[in-house]
There are 2 protein chains.
Amino acid sequence: MRPSFSHYLPILDWGRSYDRRALSNDLMAALIVTIMLIPQSLAYALLAGLPPEMGLYASIAPIIAYAVFGSSRALAVGPVAVVSLMTAAAIGNVAEAGTAGYIAAAITLAFLSGAMLLVMGLFRLGFIANFLSHPVIAGFITASGVLIAASQLAGLLGIKAEGHTLILLLVSLVQGLGQINPITAGIGLAVLAFLFWVRRGLKPALRRLGAGPKLAEVLTKAGPVFAVVASTALVWGLRLDQSGVAVVGVVPQGLPPFSLPDFNLDLLRALALPALLISVIGFVESVSVAQTLAAKKRQRIQPDQELIGLGAANIAAAFTGGFPVTGGFARSVVNYDAGAETPAAGAFTAIGLALAALALTPLIFFLPKATLAATIIVAVLSLVDFSILTKTWAYSKADFAAVAATILLTLGAGVEVGVSAGVLLSIALFLYKTSRPHVAEVGLLPGTQHFRNILRYKVQTDPSLLTLRVDESLYFANSRFLEDYIHARVTGDSALQNVVLQCTAVNEIDMSALESLEAINLRLHEMGIRFHLSEVKGPVMDRLKRVHFLDALTGQVFLSQYEAMQALAPDLAPELARDLARDVARDVAPPMTA
Amino acid sequence: MRPSFSHYLPILDWGRSYDRRALSNDLMAALIVTIMLIPQSLAYALLAGLPPEMGLYASIAPIIAYAVFGSSRALAVGPVAVVSLMTAAAIGNVAEAGTAGYIAAAITLAFLSGAMLLVMGLFRLGFIANFLSHPVIAGFITASGVLIAASQLAGLLGIKAEGHTLILLLVSLVQGLGQINPITAGIGLAVLAFLFWVRRGLKPALRRLGAGPKLAEVLTKAGPVFAVVASTALVWGLRLDQSGVAVVGVVPQGLPPFSLPDFNLDLLRALALPALLISVIGFVESVSVAQTLAAKKRQRIQPDQELIGLGAANIAAAFTGGFPVTGGFARSVVNYDAGAETPAAGAFTAIGLALAALALTPLIFFLPKATLAATIIVAVLSLVDFSILTKTWAYSKADFAAVAATILLTLGAGVEVGVSAGVLLSIALFLYKTSRPHVAEVGLLPGTQHFRNILRYKVQTDPSLLTLRVDESLYFANSRFLEDYIHARVTGDSALQNVVLQCTAVNEIDMSALESLEAINLRLHEMGIRFHLSEVKGPVMDRLKRVHFLDALTGQVFLSQYEAMQALAPDLAPELARDLARDVARDVAPPMTA
């Protein structure tokens, strides 16, 4: 299939059939999302250590870029908690927070991440994200949530806390306890309590008061906005900023500025790995949200196109004073629930936020930072879910090890170390498992043509015949294991005359495994034992024929294991009236012409 | 099984039954191997840039240590070509050749490598070596052989050549052409020609002259010894050393000295990676030789015990003035062919070499270095075999890519980069392949109960039923692929009511894949499609039950694919007179108690 224009520009697809109904639905969704995004965008900018207006900027141009290039119809891109934390960690390594260099680094990071996503999309490298296993992501997000909550706790109490690990954060929290500003702490804790109550108690209360489910939903989502308005009014009314309550202060009024990334080579090199991690993690989060939402309408997203959409969004962020963005879970779900039909809803949201940046910024001068910290804490605590530890413990110890390492190292050594270690460990454990495949010695289930593990079933065997079934593709990491296994099994078994390898589950035999099979064949030959294969899959057989392995094989290749037994231990395997064995065999090894 | 003393000390095993016949066989083998090893040991020490006597030392204590701890009865350990080259590369990075620091680094490298091998043996980490695929090893050895031959060509012509890449070596060879010493070059080329003739023409010539096969064999092996004696006598007789022919010179007379590794932390850190590579490559070479020889007598080697044996040998080398050693192919085969029955043959060889170190070293003062260079060239050219490129090209492009990268990078960037790149690339390609598994849409083969790929066979299908067979275990790297695949396949197919995943080749479902199956189940449910599994293996089923996946599944788990069709598309799958399907099913999912 040759990709068409509309393949790379999904807007050409949905743009054609855009009508009045879709327009009104999109406008409604945009209004709701805009109201929700204003405080959230400011808060995530502060989380990244950046001026609050950058949060707004990062939510305007990127949304439009995604609307043009992205394939999901409901995804809302912008700053999100985990990526903002990773941004803080990455640029904190190269510049001091509050400096122009810090802002330039954030912009450069967005550009790098966007460029990487674009390249991955154009070269269809989206599969790289698959190496982040679900448990590693879950553990990473949980640990990130804890780190974010700990860092925001300081802002909530009006003290300074810095550090990229949990211990550093806690130490600076404890050291700062003496400098708690009681008014700030009062506002922060009150907002926190209010927001928790909104999450838990508001919707049922409204329903009891007779509100419709839709209205109750909207009012619940507007909770943070109410907290922002109320606490801002309070600080303004009582001039609490003069009593030491930190406020957002002057936010420039105007549309996003034009900005340029810094192409200093040292900076690019220092930011390359963090940019890759941010890209991959942002992509994974985004795709899973987009897929969940698309499935509800039997729509489809194209993961490689998502890379291009997110890449364009990040590059747009880099040129308009923003920082790294991705598809957010909360905002996308709200967008979807509010009835967004097409990416145009995103464009309308962008217009709404642009108006806010133009007109509303003077109003947030007195917005206390503690309110934003409380907003973030409530948002991220919904991400924290340690149950992944008990789930993986019950299901798979390898997954447990990977997730435990991810959580511990993210908390103890920072986000970049944590997620890298999780990925490497899960790959290592997978390789370890496949390097020691399950090998079963099998025998004939009496009265059937089926062969089963002699340890699990009462089966018939012949002392001169050993049949092994290996439950894994044969490749370099397990080929020597197979050599050792067979060598150990046959040594000293003097009755043995034939060894059959049943290849039902062997999807591939690579060059190393081929040479191991040759070595096994040779060594068995030197012991006077013949070596056979059975039930070899078609594509595998094609390859074996190509390299003349079969010419050297001392035994035969049987189309079915039952045929092998008929030939090698005929007493145990009588001819069947109905020639089923041959039937099985034909299927297992498809014709060479296929 | 609780390992006994004799498990860790194989000597207790064979030592008990040692008798006069074994003794005389071992003595004979030791004599032949000793004669062969004298020039070889000196030559490999020079290849590593070390004083020649260190080659003898490295062949004495290590052989005895291996005889005590090793599990192979015929393996002969000592310096070998590839490991000597790797030693030169590793210690050349930390010290200047010819200095005391260089010698100390070699000793330390042997110690580090020995310690790593011991630890790997005690913790049974021998599987690490499995990640060196056969083609990567073959490519690495071939490229190393080329590098060694190029470096020795300089010694053969009497010029200096340095560098750890082929280009550097060739450049310094060309630059040095002006300084060729014609006498040295004459001796070197004559010896080279003689040795090639010995390899090719001597044995047939001797047989024609009536020599027995055994005698012809021994005389052929003694070829290098003859070249050493003749060229030494020539240089001594004509005092050619005064005409600029480089000779071995003064070699201290005496037993191996007691030496201590240097425990400087910086040095240990710098040598850690090279030591690991040397350990793993030495181990892989050694085990494949040992296994080949053991199989001929239906004996068995224990790979983890081999690690301990080689570890002990290297530590012995470190404390007796040696350098890294491993089981050599040529010497082991000679040892085996000469009739060695037990590791005692090795001990006798060690005694022979100790006598040589005590008594013979004054005799080699006039031994020209060009002769040793010629010996090495002839030995390593037998390792060079580029046919691995054409073989892998024909058999598997992934293997070809790994071997080509290994050869190019070994030649172009040195041994350490080359072998590391080969290992990483082969792992990456394996992961890539398993991340995009083969998925077949299958249908019923008419008149049977077998299901085959609809693209390969004329099969029966039902528009409301989609059956997919995935030919790979499901794990994090391919779980999202499966999600995408199913999502893409079902989107827009409005006739679809049931999707069945046939799990015949699924040996494992990890946590990520479990969550993907849950997501697939949920998304299909939202499209009004039920999701079923069939032919799930017993251990996989056990796990799925443990986490209550089956409770959420909208469809069923069928014991056989035929039962699935009977239930979901009954028109196509009539009940069979003989209830074979149930039969298959019972085997596929073993009882929970098993």
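Domain bounds, as used in the first legend, come from an automatic or database domain assignment.

**View 1. Overall layout of chain A in the predicted model, with its two assigned domains.** The model shown here, as in every view that follows, is predicted. For chain A, the domain assignment gives domain 1 as residues 22–427 and domain 2 as residues 439–588, and the C-alpha centres of these two domains of chain A lie 56 Å apart. The C-alpha trace of chain A spans about 100 × 60 × 60 Å along its principal axes, and the secondary structure of chain A consists of 26 helices and eight strands. Of the 594 residues in chain A, 55% are buried. When contacts in chain A are taken between residues at least 6 apart in sequence, 79% of them join residues at least 24 apart.

**View 2. The crossing of helices α3 and α17 in chain A.** Two packed helices are described by the angle between their axes and the distance between the axes. Here the axes of helix α3 (residues 20–47) and helix α17 (residues 369–381) of chain A come within 9 Å and cross at roughly 95°; α3(A) and α17(A) are therefore roughly perpendicular to each other, the range for that description being 65 to 115 degrees. On the α3(A) side, the contact is made by Pro39(A), Gln40(A), Leu42(A), Ala43(A), Leu46(A) and Leu47(A), which meet Lys369(A), Leu372(A), Thr375(A) and Ile376(A) in α17(A). Sorted by residue class, this contact of α3(A) with α17(A) comprises seven nonpolar residues, two polar residues and one charged residue.

**View 3. The six-stranded open sheet of chain A.** The strands of this open sheet in chain A follow the order β4-β3-β5-β6-β7-β8, and their pairing is mixed. Strands β4 and β8 (557–558) of chain A stand at the edges with a single partner strand each, so one side of each is left without a neighbour in the sheet. Within the sheet, β3 (residues 439–444) and β5 (residues 465–470) of chain A pair in the antiparallel sense over three bridges, and Ala440(A) of this pair stands opposite Arg469(A) in β5(A). By contrast, β5(A) and strand β6 (residues 498–502) of chain A run parallel and are joined by five bridges, with Leu465(A) standing opposite Asn498(A) in β6(A).

**View 4. The hairpin of β3 and β4 in chain A.** Strand β3(A) is joined by three bridges to strand β4 (residues 451–453) of chain A, and the two run antiparallel. The bridge partner of Val442(A) in β4(A) is Asn453(A). Six residues lie between the strands of this hairpin of β3(A) and β4(A), in which Gly447(A) takes a positive phi near 80°.

View 5. In chain B, an open sheet of six strands with mixed pairing has the order β4-β3-β5-β6-β7-β8. At the edges of this sheet stand β4 (451–453) and β8 (557–558) of chain B, each with a single partner strand, so one side of each has no neighbour in the sheet. Strands β3 (residues 439–444) and β5 (residues 465–470) of chain B run antiparallel and are joined by three bridges, and in β5(B) the bridge partner of Ala440(B) is Arg469(B). Helix α21 (residues 476–490) of chain B lies across β3, β5 and β6 (498–502) of chain B and runs at about 155° to β5(B).

**View 6. The contact between chains A and B.** In this interface, 59 residues of chain A are in contact with 60 residues of chain B. The elements that give two or more residues to the chain A side include α8 (134–157), α13 (265–296), α20 (415–435) and α22 (511–526) of chain A, while α21(A) gives the most to that side, with eight residues. By class, the chain A residues that touch chain B divide into 24 nonpolar, 16 polar and 19 charged.

View 7. Ile91(B) has its place in helix α6 (residues 81–92) of chain B. With 29 other C-beta atoms within 10 Å, Ile91(B) is buried, since 20 or more are needed for that class. Leaving aside residues up to four places away in sequence, Ile91(B) touches Tyr102(B), Ala105(B), Ala106(B) and Leu109(B). A separation of 32 Å lies between the C-alpha atoms of Ile91(B) and Gln242(B), which are 151 residues apart along the chain.

Conventions:
Residues are numbered from 1 along each chain as its sequence is written. Chains are lettered from A and ligands numbered from 1 in the order in which they are written. This is a predicted model: local features need pLDDT of at least 70, side-chain atom pairs count only at pLDDT 80 or more; totals for chains, interfaces and linings use all residues. Two strands pair if DSSP finds at least two bridges between them. Helices (H or I, at least four residues) and strands (E, at least two) are DSSP runs, numbered from the N terminus. Two residues are in contact if their C-beta atoms, placed from the backbone, lie within 7 Å. Axes are lines fitted to C-alpha atoms, for helices over the stretch in contact, and angles run from 0 to 180 degrees between N-to-C directions. Ala, Val, Leu, Ile, Met, Phe, Trp, Tyr, Cys and Pro count as nonpolar, Asp, Glu, Lys and Arg as charged, and the others, Gly among them, as polar. Angles under 35 degrees count as roughly parallel, over 145 as roughly antiparallel, 65 to 115 as roughly perpendicular and the rest as oblique. A residue is buried if 20 or more other C-beta atoms lie within 10 Å of its own, exposed if 12 or fewer, and partly exposed in between; C-beta atoms are placed from the backbone.
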